[in-house]
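I set out to record, entry by entry, what I looked up in this structure. The model is a predicted one.

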Amino acid sequence: MKPSPMHSPDLLTPLEPLTARTYVRVAPELALDKLFDYALPPALAGRVQPGHRLKVPWGRQTTLAYAVEFPDQPQVANCREVIGLAEAEPLLPPVLIKLARWMADYYCCDFNQALRGMLPDAVRAREDGFKQRYWVQAAAADREVTVSELLKNAKTQRRAWEFLLKRGGGWLAELSRECGATPAVWRALADKGLVTVSRERMERDPLAAPLAADTPLTLNAEQQAALALIVSQLDAPRPQPVLLRGVTGSGKTEVYLQALAEALRRGRGGLVLVPEIALTPQTVERFRRRFGAVTRVAVLHSHLSAGERHDQWQLIRGGQARIVIGARSAIFAPLALPGLIVVDEEHEHTYKQEESPHYHARDLAVLRGAFERVPVVLGSATPSLETVYNAQQKKYLAATLSRRVEDLRLPVIHVLDLRREPPADRERPLIAAALRAAVHDRLSRHEQCIIFLNRRGYSTSLSCPQCGHVAECPHCSVPLTYHRATRTVCCHLCDHAAPAPRACPECAFERYQYLGTGTQKIEDAIVSEFTAARVCRMDSDSMRGRHAFQRALDDFRAGRTDILVGTQMIAKGLHFPNVTLVGIVNCDAALQLPDFRAAERVFQQMVQVAGRAGRGDRPGEVFIQSHAPFHPAIQFARHHDVEGFCDQELDYRRAHQYPPFRRAVLVCFRGRSEEKTRFCIETAAKRLRASKALLAIGQEIPDPAPAPIQKIRDRHRFHLFLLTSHPLTLSRVIREQVFSQEWPDDIRVTVDVDAVNML
Ligand code: ADP
Ligand code: ZN
């Protein structure tokens with residue numbers, strides 16, 4: 001079977017010219033998957049452009065709607081007239097409208113929804129203009145007693161106060177909206193002296209401090225070659241995407257920076273996508289230092305407040321910021337003239353949106369690049385198989401940085417076979433003797449260590465060592481996790497939490513809750529083994545709140561912490577020269593997950609984590625603990641053999657015609673009743689099987705099956721897992737036969753094209 005082309009060429013036709021227009025087709029800001037035609041009054045005819053937001057009559061009221069196209073003839077005979085422009089300038093550049101249309105067709109989502117999703121709420125709401133408003137801040141007070149005294153019997157005020165403490169401060173309107181407290185609540189808090197409300201306009205630029213400029217580094221030969229390749233595409237009439245493979249610490253970012261400088265020199269801008277977690281001020285600072293003298297650098301990510309996001313967006317739209325750095329949704333940044341799009345760590349799964357529209361920002365980047373005729377750089381030490389395959393097929397160009405800068409060596413990787421660890425005190429130790437010894441050694445030399453835990457996989461369960469009973473969530477089909485600090489059992493999917501039973505509910509075994517292997521237990525083991533060390537735990541549980549993550553990183557960088565223990569959060573992108581040891585304690589539980597990408601994911605994670613070691617002048621060492629030490633993913637990682645891994649994994653994917661050889665589409669049905677949900681998804685499968693269009697392309701429709709996690713929040717889940725070479729046809733038929741059908745009220749249907757999460 002032949003792989004389907006990435007983009008069909010007709011998508012690349014130039015945008016229509018601005019001519020005299022009489023009618024406009026609009027997408028209303030309503031939850032409707034439909035476009036409507038209006039007449040343009042003569043006064044507006046020459047002024048309305050695609051992406052303008054218009055005020056239009058809607059029944060007896062008015063609504064706002066985006067101008068999408070300009071038909072010669074309207075769909076209905078007497079269309080009504082546009083009332084006026086909501087804003088003088090279009091909110092969306094034409095390329096984003098085109099992108100939304102493609103998303104609707106490809107990802108099987110509503111066009112209107114795709115369009116709306118491109119604009120920050122604060123921009124659409126227009127409430128958060130640059131005007132002066134009230135700024136609320138906690139009054140300096142660490143008087144715990146007084147606070148609880150003052151807020152006794154004032155539940156709403158207490159909630160608002162706690163919300164404010166977490167946020168640090170905010171605009172009155174924004175805070176009120178986000179935590180549901182009325183302005184009166186804030187006023188009451190101000191009267192009690194707990195908060196201050198002022199009228200000053202604060203600079204909402206999240207990282208506005210002035211920075212010293214830096215100068216470009218002298219590139220080594222491989223970096224120069226990579227830069228030259230990208231620059232050649234900057235000037236090409238039909239630029240191709242460039243895969244930049246570079247081992248960890250090989251200086252990929254320096255190449256991006258110099259390529260972006262070239263784009264700026266050509267009067268254009270640049271868009272840089274990074275996984276959320278790489279958006280540490282450290283990264284952003286590097287861009288600001290480099291470009292601060294030429295342009296402002298806008299930042300877009302999920303930790304911004306609504307107002308900050310609004311301001312950053314306006315800086316981009318207004319052209320003051322020509323460099324944009326941001327997470328997934330920054331692909332929709334309204335940059336007028338991008339010259340280069342960079343996707344750093346392109347293999348990262350955070351680029352895939354896990355709710356509708358289920359887009360993949362890397363793929364949209366490639367598409368936006370094609371629409372705007374600008375090169376796209378996809379950088380990674382461990383590129384995704386999709387991208388590797390596209391490079392093999394010559395759809396992408398490729399450059400390689402095979403060595404670390406300044407001839408730093410890649411770390412030596414040891415694999416420790418946990419099955420052969422001698423048991424101590426009846427149990428096998430969680431940390432192997434060799435890794436323990438290595439950590440002690442580093443501590444004595446005042447070097448730092450990173451210990452990586454994998455939270456994915458089923459390794460966090462509370463199970464009875466005597467009868468094997470596993471405590472399961474009553475609402476979800478996953479094991480409960482034991483939290484020792486609170487002596488509770490919790491579900492990580494819903495909010496279920498209950499006191500931990502003292503004894504096993506099945507066999508009454510009494511040491512029940514102290515056994516079971518969870519990540520927390522590993523953390524405990526680390527703390528109790530290395531008593532003299534300063535240990536910082538970093539994961540999504542311990543890192544809530546806006547600045548916690550940054551503070552923890554600062555402490556580690558400054559040497560105030562010796563061992564950083566963490567999950568996915570610390571796997572990539574971080575650069576700490578004093579880290580000479582990395583321990584990966586439980587990577588291979590995730591190899592067991594029912595997901596064709598399991599091996600790829602584990603491999604990438606190991607290489608990325610290992611890449612944190614030895615980035616300074618002392619060589620690094622890595623220990624991987626494993627129960628499956630001969631698994632290919634582990635063996636290839638051990639030899640830093642990315643190419644070898646990709647070759648073998650592509651063979652496996654080819655044999656099963658898994659992605660990248662076909663597209664994976666996951667249709668999920670959820671409902672309260674198991675029987676009803678199963679019945680509905682089976683009906684959907686039957687409808688698809690009966691489709692002539694799908695018969696014509698020979699589309700296989702397998703039987704639906706319960707999802708690997710069969711129940712979440714009391715909703716039963718069923719999957720229909722489809723592999724296809726014709727994603728656009730399949731999406732269209734799914735829309736007709738599944739989406740636009742009436743299902744019982746409590747049944748929820750989602751369609752995930754190029755699905756990444758298989759659970
Ligand atoms: P990567 O993104 O590939 O992990 P970085 O771009 O972060 O690597 O580079 C790692 C370190 O090497 C950084 O501190 C960077 O300043 C430095 N570096 C990059 N290129 C050069 C170069 N040509 N000469 C000297 N140092 C460099
Ligand atoms: Zn649950």
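Entry 1. I looked up how far α2 is enclosed. Of its 14 residues, 11 are buried, so the helix is largely enclosed by the rest of the structure. I listed the buried residues as Val95, Leu96, Ile97, Lys98, Leu99, Ala100, Trp102, Met103, Ala104, Tyr106 and Tyr107.

Entry 2. I then asked which elements the buried residues of α2 pack against. I found β4 (61-69), α3 (111-117), α13 (361-372), β25 (663-671), α23 (727-739) and β28 (748-753).

Entry 3. I checked the length of helix α2 (residues 94-107). At 1.5 Å a residue, its 14 residues should span 20 Å, and the end C-alpha atoms are 20 Å apart, which agrees. After the helix comes Cys108, and I noted that its phi is positive, near 55 degrees.

Entry 4. I turned to the zinc ion (ligand 2) and asked which residues coordinate it. The SG atoms of Cys473, Cys476, Cys491 and Cys494 do so, at 2.2 to 2.4 Å. The angles among the four donor atoms are 106 to 114 degrees, and the site is tetrahedral. Along the chain, the donors follow the spacing C-x2-C-x14-C-x2-C.

Terms used. Residues numbered from 1 in each chain as written. Chains lettered and ligands numbered in written order. Predicted model: local features only at pLDDT ≥ 70, side-chain atom pairs only at ≥ 80, totals over all residues. Heavy atoms only, no water. Donors = N, O, S within 2.8 Å, 3.2 Å for Na, K, Ca; no water. Tetrahedral: all angles 85-135°; square planar, octahedral: opposite > 155°, others 65-115°. Helix = DSSP H or I, 4+ residues; strand = E, 2+ residues; numbered from the N terminus. Expected span 1.5 Å × (residues − 1). Buried < 20%, exposed > 50% of the residue type's maximum accessible area, 1.4 Å probe, protein only. Contact = heavy atoms within 4.5 Å.
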